[in-house]
Amino acid sequence: MTAPDQNRTHEKFLWGSATAAYQCEGGWDEDGKGLSNWDVFCHSDDNDVNPVDGDVASDHYHRYEDDIRMMAEGNQNAYRFSISWSRIIPDGTGAVEQRGLDHYRKVIETCHRYGVEPLVTLYHYDLPQPLFENGGWENRETVDAFERYAEVCFDAFGDSVTHWMTVNEPNYETLCEYGIGNYPPNVRDLRRRWHAIYNILLASARAVVRFRSGGHAGQIGLVSDSYPIESLVDDEAHRDAARLADLFFNRCVNDVAIDGTFPVEFLDKIESDGTDMSFIHRDDAAVFLDGTIDYLGLNVYDRILVKPYTTGETNLRANNTGDATSTNQIIVKGWFEHDVDPTTEKNPWGMEIYPQAMYDILVELRDRYPGTPVIITENGVGYRDVVVDGEVHDDYRIDYLRGFVEQMQRAIDDGCDVRGYLVWSTIDLYSWINGYEKRYGLVRVDFDTLARTPKDSYHWYAAHIAAQKEIT
Ligand code: BG6
């Protein structure tokens with residue numbers, strides 16, 4: 001295997017794209033893989049909003065070489081993908097499956113062969129089913145299991161991976177699992193959310209500590225979906241709402257991952273909401289401090305607009321259908337409410353097209369956490385693409401990506417330390433609640449034949465990267 005050169009990590013700007021295992025691999029029961037919670041959820045009647053599954057998905061498990069080759073042909077030099085925990089340790093805690101290790105070794109080798117830097121996420125939402133049944137992230141034993149799983153991966157691939165990410169989006173994952181209730185375990189109780197997010201962050205910190213004590217080369221980060229929190233009205237009540245929303249979405253993850261501590265106001269607030277805080281153990285504080293990250297993986301899609309909380313119970317809803325019958329709504333009792341700017345453009349799922357979000361969040365992070373490098377680990381937009389004579393003319397996606405890339409460049413010019421940019425997603429893949437209708441890929445996948453066709457956005461991105469060569 002190609003040995004990583006640690007110095008190489010800062011030499012070039014990373015231009016690439018990203019995927020996650022469950023969303024693209026398929027091969028759900030191949031080569032000794034165990035069941036994940038998403039396998040089981042998608043095979044059950046609980047998945048009633050969007051009853052499709054990732055059994056085959058984009059068949060990336062078998063076609064990864066084609067996909068990586070196409071990335072390289074499109075001038076991309078970085079590929080972020082996740083490892084499926086259930087392929088490596090099928091039941092989450094027991095024996096290691098050599099065929100799982102062999103698979104990802106081949107993926108990593110293929111990346112190196114094509115001059116593409118592999119960026120590896122250890123956990124992107126798919127939890128081994130036995131751990132899920134045992135309480136998932138609400139059970140501390142899942143933290144122990146993750147630490148061991150991470151160590152197995154570091155030992156297996158540490159010689160050939162220079163960019164690791166522990167977990168993907170602790171905020172968004174737990175928001176869907178325990179707030180909106182559209183990801184398993186489909187709960188609507190934010191007090192349980194805080195327990196789960198705490199354990200995910202603890203698992204991440206423990207993995208970082210293991211990575212360092214193992215003497216592995218390279219850097220380790222965590223992927224955070226972070227948002228500039230803005231309001232349409234500038235008064236004290238709106239500023240208070242924005243501060244609380246910042247704690248709720250951003251700082252409950254970023255302060256911990258970067259500074260190693262939870263914001264005191266956040267802890268006070270969730271306790272006063274009736275959260276049972278006994279999940280906090282005294283020794284954890286030192287682990288969080290030791291387990292701070294080398295860089296922040298940042299997923300940027302849009303901003304969040306808020307207004308003051310007025311009345312009513314906590315209520316979180318997501319637009320799961322991409323039509324006018326479904327809306328996004330967030331009311332968090334005693335904290336804030338979500339607001340909408342009727343004048344801005346949105347995609348069919350209600351996501352605001354707001355490129356300045358990229359600039360605003362990068363500058364905010366630069367100021368709040370000075371000295372923390374950032375890699376944009378996801379940026380993209382979902383649409384129902386239309387095929388015309390075998391091609392996808394996705395000008396809307398080009399406009400979106402161009403806008404966000406320009407805003408990233410503006411932030412870099414203003415002193416933000418950004419080391420890479422990865423489009424979500426490399427190819428069309430499974431969307432957690434929107435199945436195969438909502439597409440993000442630079443490359444179209446025909447989910448009947450599994451044939452790949454580069455979209456116009458793929459060609460735009462290839463030309464953009466070629467024109468950049470160096471971005472500093
Ligand atoms: C990110 C996730 O939050 O958003 C991805 O990391 C996901 O896994 C992407 O696919 C888009 O989400 P959705 O729900 O629009 O498909």
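Begin by selecting the open sheet, whose five strands follow the order E6-E8-E11-E10-E9 with mixed pairing. Strands (E, at least two residues) and helices (H or I, at least four) are DSSP runs, numbered from the N terminus, and two strands pair if DSSP finds at least two bridges between them. Strand E6 (229-230) and strand E9 (315-317) stand at the edges with a single partner strand each, so one side of each has no neighbour in the sheet.

The model on display is predicted: local features need pLDDT of at least 70, side-chain atom pairs count only at pLDDT 80 or more, and totals for chains, interfaces and linings use all residues. Residues are numbered from 1 along each chain as its sequence is written.

**Inside the open sheet**

Select E6 together with strand E8 (residues 304-307); the two pair in the parallel sense over two bridges. Ile229 has Ile304 in E8 as its bridge partner. Contact here means that the C-beta atoms of two residues, placed from the backbone, lie within 7 Å.

Next, show E8 with E11, which pair in the antiparallel sense over two bridges. Lys307 stands opposite Glu337 in E11.

**The barrel**

Select the eight strands that close into a barrel in the order E1-E2-E3-E4-E5-E7-E12-E13, with parallel pairing. Neighbouring strands of this sheet are turned by 25° against each other on average, direction ignored. Where does the barrel close between E1 and E13? Strand E1 (residues 14-18) and strand E13 (residues 418-424) run parallel and are joined by five bridges; Leu14 has Gly420 in E13 as its bridge partner.

**A pair of helices**

Two packed helices are described by the angle between their axes and the distance between the axes. Select helix H7 (residues 140-157) and helix H9 (residues 190-213): their axes come within 9 Å and cross at roughly 35°. The crossing is right-handed, that is, the near helix is turned clockwise from the far one by less than a right angle. Among the residues that meet are Phe146 and Phe154 in H7, and Leu202 and Phe211 in H9. The residues of this contact divide into eight nonpolar, two polar and five charged. Here Ala, Val, Leu, Ile, Met, Phe, Trp, Tyr, Cys and Pro count as nonpolar, Asp, Glu, Lys and Arg as charged, and the others, Gly among them, as polar.

**The ligand**

Which residues are closest to the ligand? They are Ala20, Tyr172, Gly382, Ser431 and Trp432, from a shell of 15 residues; a residue is near a molecule if its C-beta atom, placed from the backbone, lies within 6 Å of it. The shell divides into five nonpolar, six polar and four charged residues.

Most residues other than glycine have a negative phi, and most peptide bonds are trans. Select Pro184 and Pro185, which are joined by a cis peptide bond with omega about 15°; Pro185 is in the loop between helix H8 (170-180) and H9. Then select Asp31, which has a positive phi of about 55°, in the loop between helix H1 (21-24) and helix H2 (37-42).

Notes. Axes are lines fitted to C-alpha atoms, for helices over the stretch in contact, and angles run from 0 to 180 degrees between N-to-C directions.
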